[in-house]
Amino acid sequence: MFARVVIGTLLSAALISPAAAYSIYISNEKDNTITVVDSKTMEPVKTVKVGQRPRGIAVTNDGKFILVCVGDDDTIEVLDAATYERVGTLPSGPDPELQVLSPDGTRLYVANEDDNLVTIIDMATKSVAGEIPVGVEPEGMGISPDGKTLVNTSETTNMAHFIDTATLEIKENVLVDQRPRFAEFKSDNSQVWVSSEIGGTVSVIDTRTFEIVKKIAFEIRGLRPEAIQPVGVRITKDGKKAFVALGPANRVAVIDAQTYEVLDYLLVGQRVWQLGLTPDEKLLISTNGVSNDISIIDVDTLEVLKSVPVGQLPWGVAVSPN
Amino acid sequence: MPVFTQEAADHDVIVAADESEVFATYLPYRTWIPRPVAGSAGLVPSSWHPSHEQWGAKQIQNRFVKATGRRMNSKDMQAWTAVRIIGEAATRTNSGSPEKIAAFIKDPGFSIAAFKGQRVTFRPWNWQLRQPVLLSDARNVVSVSPQEGFLHQISELDTLGIDQPETNCKLKQQ
């Protein structure tokens with residue numbers, strides 16, 4: 001009975017809480033650590049030692065494991081999300097940079113930056129299920145919500161490669177602006193947005209015709225155009241708002257994802273690269289590589305709520321599902 | 001060298017302009033008063049350096065070592081950039097026609113990525129490639145110019161080298 005009372009209390013506490021408490025995981029490329037930040041208190045709660053050059057970071061759908069690409073160790077480390085112990089590694093192939101899980105969680109797709117490959121890992125057997133040769137310096141990895149299409153961007157070939165996840169073959173290559181870094185699908189599967197760091201644009205690609213329907217450009221008063229270098233992209237599930245991290249412009253662009261109009265530029269830390277949304281989409285987190293912090297942004301009010309110091313050269317961000 | 005530099009007026013740094021490397025390499029650690037040397041010795045500007053890793057450069061350095069068995073120097077990078085410019089124009093125009101490729105390269109909007117942290121472009125008045133310059137000692141890149149704070153109305157990269165208003169030279173139009 002005592003247990004029931006406790007559970008009852010916990011449940012009501014959860015119901016009245018204004019925002020859920022998620023764990024935000026930040027990979028710090030330079031000091032080989034992961035910083036865990038509590039989304040509710042917005043304070044760092046733990047620093048975890050990992051392998052060398054951690055960049056791409058993801059959480060399994062059940063929230064139990066954190067997957068970290070440790071490029072200089074040529075592997076992906078699997079950390080227990082409860083204890084932060086390293087419980088295994090995944091055979092990523094050389095120099096894994098960025099990874100994406102299939103929506104059903106059965107496969108992990110990894111970009112091998114130095115080998116011009118995308119490696120597919122079967123999560124049940126933890127073995128390599130295939131390799132796909134792509135362009136030079138593969139990086140961005142976006143998976144369609146139905147899991148049928150993977151988009152990989154290759155930084156030096158300047159292409160978005162559309163890969164059929166059933167046949168593991170490239171079905172289309174779309175030439176975008178220089179140095180494509182990131183691919184993000186809309187939740188309705190209609191478009192994929194690809195950022196070009198040196199080109200300074202985001203290409204909106206129609207997933208049926210593979211045509212670029214819009215190239216979004218950015219202009220910030222008082223900033224030279226070369227400093228505007230789009231990297232991370234996130235689009236809300238309702239397909240209305242998109243966020244683009246603009247690198248050394250130190251800003252996150254807010255875009256109306258239906259009209260493509262840039263609504264605002266939010267000032268964050270220095271050299272902002274990757275972005276992550278909390279599962280309830282109330283908060284957006286940016287990693288600011290040069291200022292060694294993250295910025296936490298309120299998605300509704302578009303207010304930058306707080307900067308939280310993390311490790312050296314924060315690169316990737318992942319958020320626990322609950 | 002100590003005696004040679006003994007009579008110099010008070011200074012913070014010695015900048016040597018000695019492209020043929022006749023005397024500059026004898027300057028560091030041999031000056032009368034302890035001052036850093038830059039230019040043709042000490043802190044040397046260059047278009048590439050084997051230790052340059054930033055902005056994805058680590059990837060091209062790895063590829064180059066794998067392909068050639070040695071590290072990449074400035075001449076290698078210049079050759080890569082030249083071929084890259086033609087390749088970029090060929091893929092963007094989807095053409096092998098020299099006229100189309102040349103026209104694309106000469107377009108004011110032309111730029112390429114060259115592992116230097118920002119797009120590199122052409123100066124239309126003399127067709128020099130505008131690009132950041134690495135400042136390195138023998139082993140490491142120390143800094144990349146233009147240095148912060150040097151401003152220009154067209155491109156901050158134009159703060160490097162001789163700019164259009166500073167010269168009477170005119171490129172022969174073809």
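Colleague: In which sense do strand S6 (residues 75–80) of chain A and S7(A) pair, and over how many bridges?
Modeller: This is a predicted model, and the answer concerns two strands of chain A. One of the bridge pairs joins A:Val78 to A:Gly88, the latter in S7(A). Strand S6 and S7(A) pair in the antiparallel sense, and the number of bridges between them is four.

Colleague: Which strands stand at the edges of the open sheet in chain A?
Modeller: The open sheet has four strands in the order S4-S5-S6-S7, with antiparallel pairing. Strands at the edges each have a single partner strand, so one side of each is left without a neighbour in the sheet. In chain A these are S4 (54–59) and S7 (86–90).

Colleague: Is A:Asn28 buried or exposed?
Modeller: A:Asn28 lies in strand S1 (residues 23–28) of chain A. Beyond its neighbours within four places in sequence, A:Asn28 is in contact with residues including A:Ile34, A:Pro54, A:Val310 and A:Leu313. Because its relative accessibility is 0%, A:Asn28 counts as buried.

Colleague: Which residue has its backbone nitrogen 3.1 Å from a polar atom of the side chain of A:Asn28?
Modeller: The residues in contact with A:Asn28 include A:Thr33, A:Gly311 and A:Gln312. The backbone nitrogen that lies 3.1 Å from a polar atom of the A:Asn28 side chain belongs to A:Gly311.

Colleague: How many disulfides does the structure hold over all chains?
Modeller: A disulfide is a covalent bond between the sulfur atoms of two cysteines. Among the cysteines here, A:Cys69 counts as buried because its relative accessibility is 0%, whereas B:Cys169 counts as exposed because its value is 62%. Over all chains, the number of disulfides is zero.

Colleague: Which residue in S7(B) is the bridge partner of B:Leu134?
Modeller: Strand S6 (residues 133–136) of chain B pairs with strand S3 (residues 44–46) of that chain in the antiparallel sense over three bridges, and there B:Ser46 stands opposite B:Leu134. S6(B) is also joined by four bridges to strand S7 (residues 141–145), which runs antiparallel to S6(B). A hairpin of four residues links S6(B) to S7(B). In S7(B), the bridge partner of B:Leu134 is B:Val144.

Colleague: What share of the residues in chain B is buried?
Modeller: Chain B has four helices and seven strands, in the pattern α-β-β-β-α-α-α-β-β-β-β along the sequence. Its C-alpha trace spans about 60 × 45 × 30 Å along the principal axes. Of contacts in chain B between residues at least 6 apart in sequence, 47% join residues at least 24 apart. Among the 174 residues of chain B, the buried share is 39%.

Colleague: Which residues in chain B lose the most area to chain A?
Modeller: The contact takes 22 residues from chain A and 21 residues from chain B. The two chains bury about 1800 Å² between them, with 38% of it on carbon and sulfur atoms. Together making up 33% of what the chain B side buries, the residues that lose the most area are B:Gln59, B:Arg92 and B:Arg119.

Notes:
Residues are numbered from 1 along each chain as its sequence is written. Chains are lettered from A and ligands numbered from 1 in the order in which they are written. This is a predicted model: local features need pLDDT of at least 70, side-chain atom pairs count only at pLDDT 80 or more; totals for chains, interfaces and linings use all residues. Side-chain values use heavy atoms; hydrogens and water are left out. Two strands pair if DSSP finds at least two bridges between them. A disulfide is a pair of cysteine sulfur atoms within 2.5 Å. Buried means under 20% relative accessible area, exposed over 50%, partly exposed in between (1.4 Å probe, protein chains only). A polar contact is a pair of N or O atoms within 3.5 Å; within protein, one must be able to donate a hydrogen and the other to accept it, and residues adjacent in sequence count only if both atoms are side-chain atoms. Contact means heavy atoms within 4.5 Å. Buried area is the accessible area (1.4 Å probe) that two parts lose on being put together, summed over both.
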